[in-house]
Amino acid sequence: MTAKKRVKIIMAKPGLDGHDRGAKLLARVFAEAGMEVVYTGLRQTPEMIVDAALQEDADVVGLSSLSGVHNYFFPRVVQLLKEKGLDDVLVVGGGIIPEEDVAELKKAGVAAIFGPGTRTDDIIKFIEDNVSRS
Amino acid sequence: MDDLVAAVLQGSVKAMARLITLVENEDARALQIMGAIYPHTGNAYVLGITGSPGTGKSTLTDKITSILREREQTVGVIAVDPSSPFTGGALLGDRIRMQRSSGDAEVFIRSMATRGTLGGLARTTNDVVKIMDAFGKNWVIVETVGVGQDEVEIAKTADTTIVVLAPGLGDTIQSMKAGVMEIADLYVVNKADRSGADELVNEVTFRVEQDAHIRKAVWKPPVVKTIALENQGTNSLMEAIEEHRSFLRQSGKLRKNRREKTRQETLALLREEISRNVLERVLGNGRFDALIDDIVAHKKDPYTSVQEIVRTIFPEE
């Protein structure tokens, strides 16, 4: 295995919800797909997530929320990334996100929302197709 | 690229993160980058933390970082976790235990996957240490992958190497073995509230005593008991680190050790450069495959063939 560019993804759970089974499963799924996954764990503030993305030079930030806080946290992460000059980081989200919130989140800069039942292959494909690398 | 190096030297975190990626990916510009970085290195103190999985390396790293921050020292952390030998992917989970340090602008944490390198570190970990050093971090803490017995690369990188142990992972003979147990400047018995902790302290202390009889050494590694999660013993650990650091400085060993490290590193670079050059020429002309055919058919042997190849490239004067 020679060194080459690998997709680096931050997996984070913003806010206070403690349900990380989905996030952990996806972390493994992404690692199995050959990505380098930085799992930051529960109870992350947007600042912590963006700091991690900055220091890790991440290509992707994956946010998971099951507690209904996505409308605040997801756009806030996108905004902070922009403020740090990390516009090229792909932000994707998942969890329990009501259909009617999706359009607004996408407008705020979240590239995709993956709800329950999404095939993991589709998520991987989306990331691989949309990740930008200079 | 020069801009990126300049930005790192001026303190841009984003530039440092980017530069580390280029070096980690062994980008074509990596050697040139490191050449520009090197003159600005040599100021950071490098602390290595190694030990079996689950002994508490990340938590200890977090606590040491906090203590250093209280002393207004800036800190870079490199946390290495293994890559999958099958997919090349990696789950890098050390940041989870470093929450107290994240959010502090003076602490820079970088996770690294081993990408197929054995020995406890990634191939480019050393270079990342140098980048953080040049950036101006006072301390760089390198946490290895969870190691078993033979992963001793960290001792070639760190000024002070800490081997973290926890109770319940083996009998006396384990602590007598070669390898990881030999590289400690300092032993930590973490999770000291668990049963078996005192026995482990005794075993390790016994080993240290034995070592003192077996070989001449001027530094006797202390054994420190900690309960990292509860922040117990961490100040004593920091004191022990400082003691070792003073010892290295006063005895002149810091300079001596660093010279040896530089020698090893330069040799490794030379080896790489030679082998890259030679392999390019050998594999470039297609004759190598023909040679393999001959060897498989037992018309030639690999031992003599290799000597012949090298002799054509470096003809004897």
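Mentor: Two strands pair if DSSP finds at least two bridges between them. Helices and strands are themselves DSSP runs, numbered from the N terminus: a helix is H or I over at least four residues, and a strand is E over at least two. This is a predicted model, in which local features need pLDDT of at least 70 and side-chain atom pairs count only at pLDDT 80 or more, while totals for chains, interfaces and linings use all residues. Residues are numbered from 1 along each chain as its sequence is written, and chains are lettered from A and ligands numbered from 1 in the order in which they are written.

Trainee: How do you know that β1(B) and strand β6 of chain B pair?

Mentor: Five bridges link β1(B) to β6(B), residues 160–165, in the parallel sense. Pairing asks for at least two bridges, so the two strands qualify. One of the bridges sets B:Thr50 against B:Val163 in β6(B).

Trainee: Which residue of β5(B) stands opposite B:Ile49?

Mentor: That residue is B:Glu143. Strand β5 of chain B, residues 139–143, runs parallel to β1(B) and is joined to it by five bridges.

Trainee: What makes strand β1 of chain B mostly covered?

Mentor: A residue is buried if 20 or more other C-beta atoms, placed from the backbone, lie within 10 Å of its own; 12 or fewer make it exposed, and values in between make it partly exposed. In β1(B), residues 45–51, seven of seven residues are buried. B:Tyr45, B:Leu47, B:Ile49 and B:Gly51 point one way, B:Val46, B:Gly48 and B:Thr50 point the other way, and all are buried. In a regular strand the side chains alternate between the two faces of the sheet. For chain B as a whole, 40% of the 317 residues count as buried.

Trainee: Why are α9(B) and α10(B) called roughly perpendicular?

Mentor: Axes are lines fitted to C-alpha atoms, for helices over the stretch in contact, and angles run from 0 to 180 degrees between N-to-C directions. Angles under 35 degrees count as roughly parallel, over 145 as roughly antiparallel, 65 to 115 as roughly perpendicular and the rest as oblique. The axes of α9(B), residues 234–251, and α10(B), residues 253–284, come within 5 Å and cross at roughly 85°. The two helices are therefore roughly perpendicular to each other. B:Leu248, B:Arg249 and B:Ser251 in α9(B) meet B:Lys253, B:Leu254 and B:Asn257 in α10(B).

Trainee: What makes residues of chain B count as in contact with chain A, and how many are there?

Mentor: Two residues are in contact if their C-beta atoms, placed from the backbone, lie within 7 Å. Here 27 residues of chain B are in contact with 29 residues of chain A. On the chain B side, α2 (13–24), β3 (90–92) and β4 (107–113) each supply at least two residues, and α2(B) gives the most, with six. By class, this side has ten nonpolar, eleven polar and six charged residues. Nonpolar means Ala, Val, Leu, Ile, Met, Phe, Trp, Tyr, Cys or Pro; charged means Asp, Glu, Lys or Arg; the others, Gly among them, are polar.

Trainee: How do you know that β3(B) is joined to a strand of chain A?

Mentor: Three bridges join β3(B) to the parallel strand β2 of chain A, residues 36–44. One of the pairs is B:Leu92 with A:Val38.

Trainee: Which strands stand at the edges of the open sheet?

Mentor: Six strands form this sheet, with parallel pairing, in the order β5(A)-β4(A)-β3(A)-β1(A)-β2(A)-β3(B). β5 (112–114) of chain A and β3 of chain B each have a single partner strand, so one side of each is left without a neighbour in the sheet. From one strand to the next, the twist averages 25°.
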